[in-house]
Amino acid sequence: MKIAIINGPNLNLLGKREPEVYGSQTFEDYFDTLKQKFPNIELSYYQSNIEGELIGKIQEVGFTFDGIILNAGAYTHTSIGLGDAMKAVTTPVIEVHISNTYARESFRHQSYLSGNAKGVILGFGLKSYELAIQSFL
């Protein structure tokens with residue numbers, strides 16, 4: 001099984017950015033933990049702050065991988081293009097968020113992705129990614 005984890009803008013700052021919201025662990029460290037927990041799954045990781053690069057990665061893996069876990073960060077609330085990319089590929093996509101977006105600013109309550117996702121997991125910290133992997137098993 002092959003699963004791609006795709007992270008959007010500012011998620012490269014995990015461990016430094018707003019630790020009270022996002023925690024103090026870097027995603028790279030957490031990704032190592034995920035690989036250890038799921039040794040029989042081929043996990044790949046990609047992060048970009050650029051919307052078009054995220055769309056390109058979805059298109060690249062979206063016909064050959066078994067699953068995509070997408071945390072589009074702030075693009076969740078602004079990007080019709082990412083939603084269209086999710087809809088265009090055959091690989092199922094799980095939308096994840098580290099924080100509970102509904103407990104935050106009102107603009108974070110709108111997602112242009114959710115309607116094209118197999119499911120949405122939010123508010124469980126970095127464990128949201130583990131829950132998304134488990135949904136593919």
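Leaving aside neighbours within four places in sequence, which residues is I133 in contact with? Contact here means heavy atoms within 4.5 Å. The residues in question are I3, L34, F38, I41, L43 and I69.

Before I continue, please note that this is a predicted model, in which local features need pLDDT of at least 70, side-chain atom pairs count only at pLDDT 80 or more, and totals for chains, interfaces and linings use all residues. Residues are numbered from 1 along each chain as its sequence is written, and side-chain values use heavy atoms, with hydrogens and water left out.

Let us turn to the sheet. Five strands make up an open sheet with parallel pairing, in the order β2-β1-β3-β4-β5. Strands are DSSP runs of E with at least two residues, helices are runs of H or I with at least four, and both are numbered from the N terminus. Two strands pair if DSSP finds at least two bridges between them. At the edges stand β2 (42–47) and β5 (119–122), each pairing on one side only. Between β3 (residues 67–71) and β4 there are three bridges, in the parallel sense.

Now the interior. A nonpolar core is a set of buried Ala, Val, Leu, Ile, Met, Phe, Trp, Tyr and Cys residues joined through side-chain atoms within 4.5 Å; buried means under 20% relative accessible area, with a 1.4 Å probe and protein chains only. The largest such core has 22 residues, of which F27, L34, I69, Y129 and I133 touch the most other members. At least two residues each come from β1 (2–7), α2 (27–37), β4 (93–97) and α5 (127–135). Helix α2 gives the most, namely four residues.

Definitions and conventions:
Buried means under 20% relative accessible area, exposed over 50%, partly exposed in between (1.4 Å probe, protein chains only).
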